[in-house]
Amino acid sequence: MARPYSPGPKQFVFAAGDGASQQVSVGDAQEAYEAFAAFIRERESDTYTITDEPAGQSLILMPGQGVISRIEDGHPPRSEHLREDRGNRYLSGAMLFFENGYAGLDYFGQWLSDLSDLDASPEARGAARAAMITTEAAAMDELFRIWADSGYVDPTDQFYIFFDSHGLDEDRAERAELLQLIEFLGLERVDAPAGATGGEVWVRAEPRLDAECARWA
């Protein structure tokens with residue numbers, strides 16, 4: 001059972017690119033998700049927006065363009081954008097937004113602050129994302145977001161492996177970002193052993209990585 005909103009109920013406004021809109025009052029994130037799923041089920045649109053007006057936050061899903069955007073009013077306001085070509089991820093992103101708002105999507109993917117960067121090459125997107133990260137804590141968070149998707153610790157506990165069994169043509173943006181994060185953090189990248197798939201990245205274990213891994217476990 002989903003945790004009730006406190007204070008609740010909570011109000012969201014759903015809007016579609018065809019001009020349709022709906023305001024809902026819901027008691028928890030699951031109820032919000034079900035209401036939104038029903039809203040989009042009735043129409044076909046390239047754009048869907050979820051707005052939490054009291055919090056000053058919005059999530060914009062653009063499956064027609066392969067983009068997700070999140071916006072937060074503030075001083076200054078923030079907006080970040082994500083390239084996403086997997087159709088099943090749009091509702092997953094909506095659920096995270098219903099659960100924890102803007103911050104709920106922190107680890108959802110490779111967010112970029114400039115929408116135009118999404119049209120750059122994967123390597124340029126990775127470099128742009130890495131350039132947004134300026135502290136060790138944020139770099140560790142991002143590194144382990146990447147690792148959590150397809151990584152493991154080798155059986156000897158000596159190495160952290162990223163992109164397990166992935167080829168060089170996969171994960172190009174995240175690999176480019178990862179290589180810059182490794183350099184930023186002063187980690188030691190080592191050659192993958194013979195027989196490893198060409199896209200794997202191997203990093204020597206050290207206390208900072210072990211501590212962060214325990215936090216993510």
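Asp52 lies in strand β3, where strands, like helices, are DSSP runs numbered from the N terminus (at least two residues of E for a strand, at least four of H or I for a helix). This is a predicted model, in which local features need pLDDT of at least 70, side-chain atom pairs count only at pLDDT 80 or more, and totals for chains, interfaces and linings use all residues. Residues are numbered from 1 along each chain as its sequence is written, and side-chain values use heavy atoms, with hydrogens and water left out.

Is Asp52 buried or exposed? With a relative accessible area of 5%, Asp52 is buried; the word means under 20% relative accessible area, while exposed means over 50% and partly exposed lies in between (1.4 Å probe, protein chains only). Setting aside neighbours within four places in sequence, Asp52 is in contact with Lys10, Gln11, Phe12, Gln57 and Phe97. Contact here means heavy atoms within 4.5 Å.

## The protein as a whole

Now for a wider view. The protein has 6 helices and 10 strands, and its C-alpha atoms fill a box of roughly 55 × 35 × 35 Å along the principal axes. Of the 217 residues, 45% are buried. Among contacts with a separation of 6 or more, 53% come from residues 24 or more positions apart.

## The six-stranded sheet

In what order do the strands of the open sheet of 6 strands stand? The order is β2-β1-β3-β4-β5-β6, and the pairing is antiparallel. Two strands count as paired if DSSP finds at least two bridges between them. Strands of a sheet pair through backbone hydrogen bonds, either parallel or antiparallel.

At the edges stand β2 (21-26) and β6 (78-83); each has a single partner strand, so one side of each is left without a neighbour in the sheet. On average, neighbouring strands of this sheet are turned by 15° against each other, direction ignored. Val13 has Gln23 of β2 as its bridge partner.

## Two helices across the sheet

Helix α1 (residues 29-41) lies across β1, β2, β3 (48-52) and β4 (57-62), and runs at about 20° to β1. Angles like this one run from 0 to 180 degrees between N-to-C directions, and axes are lines fitted to C-alpha atoms, for helices over the stretch in contact. Helix α2 (residues 89-100) lies across β1, β3, β4 and β5 (67-72), running at about 175° to β4.

Ala94 is buried, with a relative accessible area of 0%. Not counting residues up to four places away in sequence, Ala94 touches Phe36, Ile50, Leu59 and Leu61. How far is Ala94 from Asp164, 70 residues apart along the chain? Their C-alpha atoms are separated by 28 Å.

## Helix α5 and its partners

Helix α3 (residues 122-131) packs against helix α5 (residues 172-185) at an angle of about 40°, with the axes 7 Å apart. That makes α3 oblique to α5: angles under 35 degrees count as roughly parallel, over 145 as roughly antiparallel, 65 to 115 as roughly perpendicular and the rest as oblique. The contact is made by Pro122, Glu123, Arg125, Gly126, Ala127, Arg129 and Ala130 of α3 and by Arg172, Ala173, Ala176, Glu177 and Gln180 of α5.

Helix α4 (residues 136-150) also meets α5: their axes come within 10 Å and cross at roughly 140°. That makes α4 oblique to α5. On the α4 side, the contact includes Met140, Leu143 and Ile146, and on the α5 side Leu178, Leu181 and Phe184 are among the residues involved.

## Strands around β10

Strand β8 (residues 159-162) is joined to strand β10 (residues 201-204) by 4 bridges, and the two run antiparallel. Strand β9 (residues 189-190) also pairs with β10 in the antiparallel sense, over 2 bridges.

Which residue of β10 is the bridge partner of Ile161? That partner is Trp202. Val190, too, stands opposite Trp202 in β10.
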